[in-house]
Amino acid sequence: MRCPVCNAEINETPFKEWLFNDYSVSRYKCPKCDYSFNAYSKEGKEAYTIPKRKF
Ligand SMILES: [Zn+2]
């Protein structure tokens with residue numbers, strides 16, 4: 001997982017996980033820029049983050 005804000009590699013496990021419709025959502029906090037973001041993933045669909053990646 002990479003931070004969508006600063007592109008740092010994040011190896012930590014998400015500190016929160018839940019379901020949103022059919023998506024599984026993981027909430028990460030970037031240790032580098034301190035920004036929190038959600039990562040959405042669903043089988044057969046491309047994973048995305050909010051905010052969206054800039055890279
Ligand atoms: Zn970051």
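Let me begin with Ser 26, which is found in strand 2, where strands are DSSP runs of E with at least two residues, and helices are runs of H or I with at least four, numbered from the N terminus. Before I go on, please keep in mind that this is a predicted model, in which local features need pLDDT of at least 70 and side-chain atom pairs count only at pLDDT 80 or more, while totals for chains, interfaces and linings use all residues. Residues are numbered from 1 along each chain as its sequence is written, and side-chain values use heavy atoms, with hydrogens and water left out.

Ser 26 counts as buried because its relative accessibility is 12%, where buried means under 20% relative accessible area, exposed over 50%, and partly exposed in between, with a 1.4 Å probe and protein chains only. Across in strand 1, Glu 17 has Ser 26 as its bridge partner in strand 2, and strand 1 and strand 2 pair in the antiparallel sense over five bridges, pairing being counted if DSSP finds at least two bridges between two strands. In the hairpin of these strands, which has two residues between them, Asn 21 takes a positive phi near 50 degrees.

Leaving aside neighbours within four places in sequence, the contacts of Ser 26 include Phe 37, Asn 38 and Ala 39, contact meaning heavy atoms within 4.5 Å. Asn 38, for its part, is found in strand 3, and it is buried because its relative accessibility is 12%. Its side chain makes a polar contact with the side chain of Arg 27 at 2.4 Å; such a contact is a pair of N or O atoms within 3.5 Å, where within protein one must be able to donate a hydrogen and the other to accept it, and residues adjacent in sequence count only if both atoms are side-chain atoms.

What coordinates the zinc ion? The SG atoms of Cys 3, Cys 6, Cys 30 and Cys 33 do, at 2.3 Å, donors being N, O and S atoms within 2.8 Å of the metal (3.2 Å for Na, K and Ca), and since water is not among the atoms, sites may look incomplete. Along the chain, these donors follow the spacing C-x2-C-x23-C-x2-C. Cys 3, in the segment before strand 1, and Cys 30, in the loop between strand 2 and strand 3, link distant parts of the chain, 27 residues apart. Cys 3 is buried because its relative accessibility is 0%, and Cys 30 is buried because its relative accessible area is 1%.
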